Amino acid sequence: MSKSKVIVITGATSGIGEASAKLLAKDGHKLVLGARRENKLQEVTKAVEENGGQAIYGITDVTKDEDVEALAKLAVEKFGRIDVWLNNAGIMPQSLLSQKKILDWDNTIDINIKGVLYGIGAALPYMEAQKSGQFINISSVAGHVAGPGSAVYSASKYAVRAISESLRQEMAQDKSNVRVTVVSPGAISTNLLNSVTDNKVKAGMEQFYDAFAIPVDRVALTIKQAIDIPEDAAWNEVIIRPTAQQM
Ligand SMILES: NC(=O)c1ccc[n+]([C@@H]2O[C@H](COP(=O)([O-])OP(=O)(O)OC[C@H]3O[C@@H](n4cnc5c(N)ncnc54)[C@H](OP(=O)(O)O)[C@@H]3O)[C@@H](O)[C@H]2O)c1
């Protein structure tokens, strides 16, 4: 277990974000939770406190830079610093390119890519001033392998890896002592499939997830371990797949 840290989580109302908040709370960390649904933010805040952590939340749409900036400011005003920023909010509305689902394309790019950039932009000045910090950016196995139906989602997750690698090198160059970690999960049981707008694609993915998906606390544990290793080292990328998932 590491010392108590201030950890900001986007997409904290469900799945990986929610499970990470609850697990990290057990180590006494201070959690700053961001997402759009206030009732769920309140529920997770309560659960964090019941697990031994402290939490505050800010209603945050990661496609709005002003919301993301406000979340960072909230963390610093309430807890004095930002030690970890978990860029986790994401959607996965997979579809064939021939369907030309432009709204899905735009939302995926806005949430999965711009949301990550806004998070980095908001937290980086504080981390540079502190001379310490860590970004944990959630990519995907789909950020390593593209296939039919995954074009835009995969592109967004490849982008998360590219952005993270550039950030890592910039931080090393500046001797800023800021760590960069990418976590790329395979099939994990969460509500992510609810973001698939095409019913046929969704049914196929549900079959795959029913066969292979593993519980979300496996990813939360990976995130906790990435935070806990000594600060002169960073896991730069972790792929966590179900043992039985081939691709
Ligand atoms: N589950 C998997 O198999 C899997 C595999 C690889 C990668 N991932 C990645 O893991 C991350 C988390 O997904 P999950 O599986 O935990 O899915 P999830 O259960 O659907 O959770 C998604 C979270 O993102 C938030 N969110 C969505 N749009 C947002 C926006 N515009 N602004 C702020 N928050 C937003 C949602 O909160 P609100 O609706 O309250 O805003 C929710 O808390 C995503 O980046 C996903 O791509 C998941």
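This is a predicted model: local features need pLDDT of at least 70, side-chain atom pairs count only at pLDDT 80 or more; totals for chains, interfaces and linings use all residues.

Started in the sheet: strand β5 (residues 133-138) and strand β6 (residues 178-185) run parallel and are joined by 6 bridges. For my notes, two strands pair if DSSP finds at least two bridges between them; helices (H or I, at least four residues) and strands (E, at least two) are DSSP runs, numbered from the N terminus. Within this pair I found Gly133 opposite Val178 in β6.

Residues are numbered from 1 along each chain as its sequence is written, and side-chain values use heavy atoms, with hydrogens and water left out.

Next, the whole sheet. I read an open sheet of 7 strands, paired in parallel, in the order β3-β2-β1-β4-β5-β6-β7. β3 (54-59) and β7 (237-240) are the edge strands, each pairing on one side only.

Then I checked what packs on the sheet. Helix α4 (residues 102-130) touches β4 (84-87), β5 and β6, contact being heavy atoms within 4.5 Å. The direction of α4 makes about 175° with that of β5; axes are lines fitted to C-alpha atoms, for helices over the stretch in contact, and angles run from 0 to 180 degrees between N-to-C directions. Helix α7 (residues 217-228) also packs on the sheet, touching β1 (6-10), β4, β5, β6 and β7.

Which side chain did I look up for the ligand? An N or O atom in the side chain of Arg36 is 2.7 Å from a ligand oxygen atom. The side chain of Tyr153 likewise has an N or O atom 2.7 Å from an oxygen atom of the ligand. From Ile16, a backbone N or O atom lies 2.8 Å from a ligand oxygen. I count a polar contact as a pair of N or O atoms within 3.5 Å.

Key: A polar contact is a pair of N or O atoms within 3.5 Å; within protein, one must be able to donate a hydrogen and the other to accept it, and residues adjacent in sequence count only if both atoms are side-chain atoms.
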